[in-house]
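Reader: I am new to this structure and would like a close look at one part of it. Could you walk me through a single helix?

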Amino acid sequence: MKKIILSLAIMLFAFGSFAQNNQNGIITVEGKSSVKLAPEEISFTVNFSVKDENYKQCAEMSVEKIDKIKMLFIKNGIDEELIKTNSFAIHEVQKYDPQLRQSVFEGYEANIPVTIRTQKDYEKNDKIFELIKDNLQSNFNLNFALSEEQMEMVKEKLIQLAVEDAKQKATVIAQSADVQLGRIKSIQYGEPRMIGTFNTNMELMNAEILPMARDAKADITSVLSPNEIEMRTNIVIAWEI
C-alpha cells in the first residue's frame with residue numbers, strides 16, 4: 001500500500017513539474033532599430049575672456065562684455081530669447097617667473113561662452129554669422145544638434161521599429177521550433193543613444209584663420225552640410241510559448 005501511495009505521489013509530482021515547465025516556457029528576443037537624421041538645430045557660440053588684476057573689476061568687466069554682445073545681436077534684429085549664457089567662470093592666473101623660479105600671481109581671467117541657438121531654417125542665421133565675424137574678436141564655434149522635436153519624433157520611430165524587429169525574429173524562431181507565440185510576459189526598453197563620432201562641431205574662427213573668415217561671404221548656412229546623426233535603441237520582449 002505504501003508503495004502504491006509513493007508511486008502515485010511521484011507521478012503527481014512529475015505531472016505537476018511538466019505542467020509548470022510547459023506553462024513557464026518563454027522565448028526572449030531583442031529587437032533593434034536605427035534611424036539617421038540631419039540635425040536641424042544650430043548653435044553659434046562665441047567664447048571670450050576678460051582679464052584684470054582685480055577680481056571685482058574682472059567680474060564687472062565680464063558682465064559689461066556679456067551685455068555688449070547681447071545688445072549687438074538684439075539691435076540687429078536677433079530674437080533675445082535665443083541668446084544664452086550657460087556658464088561663467090573666473091580663475092586666478094599665474095605666470096612662471098624664471099628669475100624667481102616659481103609661479104607668480106598675474107591677475108584674474110573670466111571665461112564666458114555666449115550661445116545663440118536657432119533652427120537651421122531660421123532666416124537670420126547668416127546675419128548672426130556676419131555680426132560675429134565682423135564685430136567680435138573671439139573664437140567662434142558652430143555646432144549642429146537634433147532639436148527637441150526631432151528627439152521626440154525619433155524616439156517614437158525607434159520604438160516602433162525595434163518592436164517590429166523583435167516580432168519578426170520571434171515569429172521566425174517560433175515557426176522554426178514548431179511552437180506558438182503566446183501573450184507577452186515582459187518588455188525591457190533601452191533609451192535611444194547616439195552612435196559613433198560625428199562632425200557636428202566646427203570651430204570656424206581662431207587666430208590662424210580669422211582674417212580669411214572675415215573676408216569670406218557671410219552665407220554660411222548654405223555652405224555647411226552637417227553629417228547625419230544616427231540614433232539607436234533596443235527592446236527585449238519575452239513571449240510565452
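To begin with, how many helices and strands does the chain have? And what can you tell me about helix H2?

Author: Happy to! This is a predicted model, in which local features need pLDDT of at least 70 and side-chain atom pairs count only at pLDDT 80 or more, while totals for chains, interfaces and linings use all residues. Residues are numbered from 1 along each chain as its sequence is written, and side-chain values use heavy atoms, with hydrogens and water left out.

The chain has five helices and ten strands; these are DSSP runs numbered from the N terminus, with helices (H or I) of at least four residues and strands (E) of at least two. H2 covers residues 55-75, which is 21 residues. From first C-alpha to last, H2 reaches 30 Å, close to the 30 Å expected at 1.5 Å a residue (1.5 Å times one less than the number of residues).

Now look around the helix. Cys58, Ser62, Ile66, Ile69, Leu72 and Phe73 of H2 are buried. They lie on the same side of H2 because their arc around the axis is only 125°, taken from the directions from the helix axis to the C-beta atoms. Turned away from that buried side is a face with the exposed residues Lys56, Val63, Glu64, Lys68 and Lys75. Here, buried means under 20% relative accessible area and exposed over 50%, with partly exposed in between (1.4 Å probe, protein chains only).

The cover over the buried residues includes strands E2 (41-52), E3 (83-84), E4 (89-97) and E5 (102-119), along with helix H3 (125-135).

Finally, the two ends. At the start of H2, a side-chain oxygen of Asn54 comes to within 2.9 Å of the backbone nitrogen of Lys56. Just after H2, Gly77 has a positive phi of about 85°.

Note on methods:
Contact means heavy atoms within 4.5 Å. A polar contact is a pair of N or O atoms within 3.5 Å; within protein, one must be able to donate a hydrogen and the other to accept it, and residues adjacent in sequence count only if both atoms are side-chain atoms.
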